[in-house]
Amino acid sequence: MNTLLPVLDLAGTFVFAISGAMAGVNKRLDVFGVAVLAFAAGNAGGILRDLLIGAAPPAAIGHWRYVVVSLIAALVAFFGHRLVERVQSPVSIFDAAGLGLFAVVGARKALDFGLHPVMAAVLGMLTGIGGGIVRDVLLARIPAVLHAELYAVAALAGAAVVVVGAVLGLPPAITAIAGAALCFGLRFMALRHGWRLPVPRIAD
Amino acid sequence: MNTLLPVLDLAGTFVFAISGAMAGVNKRLDVFGVAVLAFAAGNAGGILRDLLIGAAPPAAIGHWRYVVVSLIAALVAFFGHRLVERVQSPVSIFDAAGLGLFAVVGARKALDFGLHPVMAAVLGMLTGIGGGIVRDVLLARIPAVLHAELYAVAALAGAAVVVVGAVLGLPPAITAIAGAALCFGLRFMALRHGWRLPVPRIAD
Amino acid sequence: MNTLLPVLDLAGTFVFAISGAMAGVNKRLDVFGVAVLAFAAGNAGGILRDLLIGAAPPAAIGHWRYVVVSLIAALVAFFGHRLVERVQSPVSIFDAAGLGLFAVVGARKALDFGLHPVMAAVLGMLTGIGGGIVRDVLLARIPAVLHAELYAVAALAGAAVVVVGAVLGLPPAITAIAGAALCFGLRFMALRHGWRLPVPRIAD
């Protein structure tokens, strides 16, 4: 588990960075702007979490590997955007996997820093959705994660499993796998079936 | 005073969260997006202040009650937005009261953390306007508090009263009440009479 | 050097604050909104850097002089925007100088806080471009520094000189001057000749 987690963490950073880089490519930013968006999408969630729990410097700043992984994602998207678009459906699946992983890792880290369980679940969700929020704010549009198919709520569900497991004293590895699987499953089914949360009924 | 302050603080969070939730409802975000906007509008000002003065984790992250109050505000706005709109004028008055409270509490906390009086006043203002700024950034629009009727300046005036009082050694409770009253009064009169700050004269 | 650096730092803050204030004037914000944009553009880069390296409170919050310099820039832009526009070309040159200075100072401070050289270069770049990013986010538009002529890349180059010099054990004063000069020179030549980084080739 201890050697697997960093690998999974970097994998999650990579798929999120791809989503940011592709968004930058579609807005025709230059190669450097694409790289900034890749880094922001891949790491802003974890950075926000670390700032809020008082873990300075944030992991993504304290080690160079997150920048390198984000750069690779930016180059892949910049030169291979046609290919990436053709495999968009696999990318969505990887993104859902990244979401589950980030939610679980984020909740775990918040618990380790002594936060209240309710807030640990919220911070797990923020770890999952923060990158997408900052990516869309930088592109001057309303964050997709605030209205996409069960995105934030899937992250919250996955984080909640980890937190409830910790309160009940269940083995962390089991609840982490269960939480990530629940988040991934919810998001995957929502994508496939167009599941959405209710929207307010307002007259035009 | 010590038992009253947390109640007032949560009341301020609630009215600001309502403003964020209503903005989300009007943009037809789903119920989860509305909740995120409610939390952001109700707590971003205090979170920014706490990050900048080095109080980690921020109060709104260290205790679950701010999330719960924001959620209640989100549900009220989601299911009762017609009602909330009908009582918009009372909401504006509560919002002005929240502004005065946040400005005063923010300036006080910055002083307690040893900041220079000038910066404590600035941070009091930021506590008051930060939530509205983040709410509008998430909705991809220029923050209303940067051009609304005497909004930021009312918060700065209220915070300045607390700071000047502290420098002069006046009783904190008195200056807190005076500062909140000044901020509320300025904003209330500005709303009623359409008072605005000067805008640059530029040719079209 | 030790007495010159704060002066140069405030000069950089001033030129960046002018750019933020002018953007606010052009969007017809009121005088207070213009001041907020001036402060954000002049100081957000350094504030982000300090939050990320764990230097709380950030320099721009710990001392009142940054607020005062930003306010002066706001008043200059508010009352003298016609004059500022006429001297736009000199302003661009000062902005390039501010960029070089911020990149170098930011990288130096990140190294002093023990960050890895690669991340110190990244944080130097962020110090240079952060103000422009927050300015444009507040105005609800895609940050110009993500697609302008060699802006972020010039900041990165300047910061990299400082970092490489530190790794090689060269005298800090020499590498600081070389880094700032390289950044300034790159940006100046890019402005003059319209140099740009490649943009992705996508079909419409």
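Hi everyone. Let me start inside a pocket: by class, the lining of the second largest pocket has 24 nonpolar, 9 polar and 7 charged residues. For those classes, Ala, Val, Leu, Ile, Met, Phe, Trp, Tyr, Cys and Pro count as nonpolar, Asp, Glu, Lys and Arg as charged, and the others, Gly among them, as polar.

A word on the model before I go on. It is a predicted one, where local features need pLDDT of at least 70 and side-chain atom pairs count only at pLDDT 80 or more, while totals for chains, interfaces and linings use all residues. Residues are numbered from 1 along each chain as its sequence is written, chains are lettered from A and ligands numbered from 1 in the order in which they are written, and side-chain values use heavy atoms, with hydrogens and water left out.

Back to that pocket. Its volume is about 810 Å³, and 40 residues line it, with C:Leu5, C:Leu8, C:Asp9, C:Leu101 and C:Val105 lying nearest its centre. Chain C gives at least two lining residues from each of α1 (4-26), α2, α3 (59-62), α4 (65-86), α5 (88-112) and α8 (172-193). Helices here are DSSP runs (H or I, at least four residues; strands would be E, at least two), numbered from the N terminus.

How are pockets and cavities found? Both come from a 1 Å grid over the protein atoms alone: a cavity is a set of points where a 1.4 Å probe fits but cannot get out, a pocket is an open set with protein on both sides within 12 Å along at least five of seven lines, and lining residues have an atom within 4 Å of a point. Grid points are joined across faces, edges and corners, and a volume is the space filled by probe spheres set on the points.

Now the symmetry. Chain B goes onto chain A with a turn of 120°, a shift of 0.0 Å and an RMSD of 0.0 Å.

On to the interfaces. Between chains A and C, 27 residues of chain A are in contact with 31 of chain C, where contact means heavy atoms within 4.5 Å. About 2,400 Å² is buried there, with carbon and sulfur atoms giving 77%; buried area is the accessible area (1.4 Å probe) that two parts lose on being put together, summed over both. A:Arg28, A:Phe32 and A:Ile61 supply 27% of what chain A buries against chain C, more than any other three residues. Why do the copies meet through different surfaces? Because only 11% of the interface residues of chain A are also interface residues in chain C.

This interface has 0 salt bridges, the rule being a side-chain nitrogen of Lys or Arg within 4 Å of a carboxyl oxygen of Asp or Glu. For chains B and A, the buried area is about 2,400 Å², and 0 salt bridges are found.

Last, some backbone details. A cis peptide bond joins A:Ala56 and A:Pro57, with omega about -10°, and A:Pro57 lies in the loop between α2 and α3 of chain A. A cis bond also joins B:Ala56 and B:Pro57. In chain C, C:Arg28 has a positive phi, near 55°, and lies in the loop between α1 and α2.

Terms used: Copies are superposed by least squares on the C-alpha atoms of residues with pLDDT of at least 70 in both.
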